[in-house]
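Subject: Structure for your review

Dear colleague,

Please find below the structure that I am handing over to you. My findings follow it, and I would be grateful if you would read them with the model open.

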Amino acid sequence: MHTAPIVTDSPAIYHECDYGVTPNPTDAREYDVVIVGGGVIGNVAACALGQAGLKVAIVEAEAQSLASDRGQAYSINLLSVQVFEDLGLWQRIRPQVETYRSVQLSDGDYRKVVQFSPQDLGRETIGYVAEHRILLEALQYGLNTLPNVDCICPATVIETVKKGDQTIVRLVQASAPAQTLSAKLVIAADGSRSPLRQAANITTYGWQYWQSCIVAFIQPEHPHKQTAYERFQPDGPFAILPLPNGLCRIVWTAPRAVADRMLTLNPDEFMAELRSRYGDHMGKLTLVGQPSVFPVRLLHSTRYVKPGLALIGDAAHCCHPVGGQGINLGIRDAAALVNVIEKALAQDKDFAALSVLKQYERWRMGENLMVLGLTDTLTRVFSNKIWPIVLIRRVSLWILQDISPIRSLVLRHMQGLTGKAPRIVGQNPKV
Ligand SMILES: Cc1cc2nc3c(=O)[nH]c(=O)nc-3n(C[C@H](O)[C@H](O)[C@H](O)COP(=O)(O)OP(=O)(O)OC[C@H]3O[C@@H](n4cnc5c(N)ncnc54)[C@H](O)[C@@H]3O)c2cc1C
């Protein structure tokens, strides 16, 4: 396996306490919480904290149209659905996403295929596939209904300074003077390179995989029948996820050089390569839009909290895209953090106290580490041709397909139904 340690490659643009022009806290706009990063995870946290009655600012560097139009789509598990239901947003999201009622798991051309069905969960469905823009638009709609939440966008946070029990946050916007905010708690939802995490000197460990991930939308000739496919190839896992209107999303992990070469191909050549690897069981496949390539990495922060600071989502951890776990872990982080904050408020405690934030860290770190380990093991075990390992995984496929309690257990893990479920209460009576 060719793995290399992650080099911290983004410059630390944040400085704490003793660097730069220290802003005057008396000029600062006051909030209970400032969230840095308006991706899906930051927005989930903002919505939930806003509904709990806290005064919140969420700062996002990209313009709203750019932020929502990423061309990304995610597999959303049932626990994430529960969080959107708690936020009162699922009814808005549901008509615009596709449900999948079957997952087919296979190992290259080996004939044994494991078929997961909703009966394995005792539910009507296994999960959903949602485009990034659908989730973000619903969350932004939710935020617009909350007068106690300010969305500051596009704006980039350039400095945080801890002063007593407040953190001063400085941000810049194009052609506007720098602004200063202050808050008891800053939440870093600023993605895998998290400048806030770096400025706080929170170390990470992990590696960049030898693979990159090619993603694209395709229109198959035959209906996708609400089926998601995960096929393990020696090069890396290949997934097809069903979307509304018969569209599908491919998530294809391949060695970096192969992925880079795929981007240089014209649409016909790209589809020919795709067919040669995946066959034509869905009929003729047509490429929709441009494919793109993402680096694939495993990253974990050694801590999620410091006084006045909490990391959530990719700022705290990133995993291999196999099994589509990343965004679901982040949604659970956001919900768990809000959960402990709500509990502290209900007990008249300081919601930003380190002891409260530590509850969030303890809650989430174990489960996140388990999923990171699981996705790493899956990709290593399935992305190789060593015979004893091939034998073990093929026996595992037989066991999975033929012993339904084991299949059910694996599926419950994948859908986040085995951990402690965070529930957002909303409407905190103490605030
Ligand atoms: C190829 C690929 C496929 C994937 N597929 C799936 C899937 O099927 N299912 C799944 O669950 N997950 C999937 N993931 C993982 C998922 O995309 C991430 O886990 C998720 O997007 C992380 O969200 P986030 O909000 O934490 O970070 P991000 O989405 O990275 O958002 C961070 C935000 O912070 C903003 N920001 C950064 N710095 C600043 C600053 N200084 N000031 C203001 N704003 C700032 C950025 O502009 C950005 O909008 C996939 C990932 C990849 C790479």
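Cysteine 248 is itself buried, with a relative accessible area of 0%; here buried means under 20% relative accessible area, exposed means over 50%, and partly exposed lies in between (1.4 Å probe, protein chains only). For cysteine 318, the closest cysteine sulfur belongs to cysteine 319, and at 7.6 Å this too is too far for a bond. Cysteine 318 also counts as buried, at 6% relative accessibility. A search of the whole structure accordingly returns zero disulfides, a disulfide being a pair of cysteine sulfur atoms within 2.5 Å.

Before the remaining findings, some notes on the basis of the work. This is a predicted model, in which local features need pLDDT of at least 70 and side-chain atom pairs count only at pLDDT 80 or more, whereas totals for chains, interfaces and linings use all residues. Residues are numbered from 1 along each chain as its sequence is written, and side-chain values use heavy atoms, with hydrogens and water left out.

Overall form

The protein chain contains 12 helices and 20 strands; these are DSSP runs numbered from the N terminus, helices being H or I with at least four residues and strands E with at least two. Its radius of gyration is 22 Å, which agrees with the value near 22 Å for a compact globule of 431 residues (taken over C-alpha atoms; the globule rule is 2.2 Å times the number of residues to the power 0.38). Along the principal axes, the C-alpha atoms fill a box of roughly 70 × 45 × 40 Å. Of the 431 residues, 56% count as buried.

Helix α1 (residues 40–51) has 12 residues and spans 16 Å from its first C-alpha to its last, close to the 16 Å expected at 1.5 Å a residue; the expected span is 1.5 Å times one less than the number of residues. This helix is mostly covered, with 12 of its 12 residues buried, among them Asn43, Cys47 and Gln51. Glycine 53, which follows α1, has a positive phi, near 95°.

Helix α11 (residues 387–402) has 16 residues and reaches 23 Å, close to the expected 22 Å. Its buried residues are Val390, Arg393, Leu397 and Leu400. They cover an arc of only 85° around the axis, so they sit on the same side of α11; the arc is that of the directions from the helix axis to the C-beta atoms. Trp387, Pro388, Leu391 and Ile392 are exposed on the other side. The cover over the buried residues includes β6 (102–107), β7 (114–116), α10 (354–382) and α12 (404–414).

Two individual residues

Serine 212 lies in strand β13 (residues 204–220) and is buried, with a relative accessible area of 6%. Beyond its neighbours within four places in sequence, serine 212 is in contact with residues including Trp252, Arg256, Phe294 and Pro295, where contact means heavy atoms within 4.5 Å.

Histidine 281 is in the loop between α8 (267–278) and β17 (285–301) and counts as partly exposed, at 41% relative accessibility. Apart from neighbours within four places in sequence, histidine 281 is in contact with His222 and Tyr229. The C-alpha atoms of histidine 281 and histidine 222 are separated by 8.4 Å, although these residues are 59 apart along the chain.

Yours sincerely
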